[in-house]
Structures are given as structure tokens and as C-alpha cells.
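Notebook open, model loaded. I'm jotting things down as I look them up.

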Amino acid sequence: MQRRMALRRKLHILKTLTNSKSVKKSSIIMDAFLYIYKLKLQVEAIQREYQYLVNHIQEVKVEKDGTRYVVRVTCKKGEDLLVSIIEAFEEMNLNVLEAKVTSKHFFGMEAIAEAKGHDIDSRILTQTILNVIQRPTGNGAIN
């Protein structure tokens, strides 16, 4: 008797979770199976979309503040990416005063850099960093 009551409670929970209109036990179980299968497909679609976004995100923002530049970079992780960006700063005679970096799911950096005695066009700095992050993985070093 207790097993029947437990089974009825479980079937009722399944019926509620899946919004099943069925009354037969086999139909409720089949509705639950289909519901779980649809959830699995949704999870797979979300994972594909997430992977696409992680692999294709590319953003560089440069804001000039007096003689300082605030540089924000978001892109796919790559080998030696941070080193390549810092080398690009050095080639443009910029001193990095402060930098914050994250690389959990993608590469993210916010840096404050200062020009060494000259002014740099923000568009040129943006394009230079875009060129660095668009290089294929493994070829990050600046030549």
C-alpha cells in the first residue's frame, strides 16, 4: 500500500513537472521522457551557442583620459596573448600603469597606459590591439 502511494506521489510530481495531461502511468512516464529529452536538446543548443560566442567574441575599446589610455580587451583565449598585447604597448611607447586580466572562459583585460612624451591616436591603438588578438593562436609574438 505504501509503495503504491509513493508511486502515485512520484507520478503526480512527474505529471506536474512535465505539464502532462495524461492519466495512464505509461503515458505520464513517456511525457516525462519527452520532457527530459527536450531539456537535453535545449542544453546542447545553449552549449553550442556559448561555445560560438566564446570563440568569436572580439572587442577592443580605447578611451583617452588626458595622457592616459584606458584599454579594454575581450576576446577568445590565445597563447601568449597578454605578452603580445604588452609588447604592442611597448612598441607604441606606452607604459602600462595598471592592468587587470581574466581568462576563465575568455581573455579579458583592462589596462591603464600612459604615453611616453607623445600623443597616440586612439583609433591606431585600437587597430594595433585588434591586429594582435586576431592573429592565429600560437603566433602571438610580435616580430
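This is a predicted model: local features need pLDDT of at least 70, side-chain atom pairs count only at pLDDT 80 or more; totals for chains, interfaces and linings use all residues.

I started with residues 59-134: this stretch is 30% helix and 43% strand, and its end C-alpha atoms are 11 Å apart. For the record, helices (H or I, at least four residues) and strands (E, at least two) are DSSP runs numbered from the N terminus. UniProt, in an unreviewed entry, puts "domain: Plant bHLH transcription factor ACT-like" at residues 59-134; such annotations may be inferred rather than shown by experiment.

Residues are numbered from 1 along each chain as its sequence is written, and side-chain values use heavy atoms, with hydrogens and water left out.

Next, the sheet. I found 4 strands in an open sheet, ordered S1-S2-S4-S3 with antiparallel pairing (pairing takes at least two DSSP bridges between two strands). S1 (58-65) and S3 sit at the edges, each pairing on one side only.

Then I went through S4 (residues 107-115). Strand S3 (residues 94-102) is joined to S4 by 8 bridges, and the two make a hairpin with 4 residues between them. Thr102 has Gly108 of S4 as its bridge partner. S2 (residues 68-75) also runs antiparallel to S4, with 8 bridges; there, Cys75 stands opposite Phe107.
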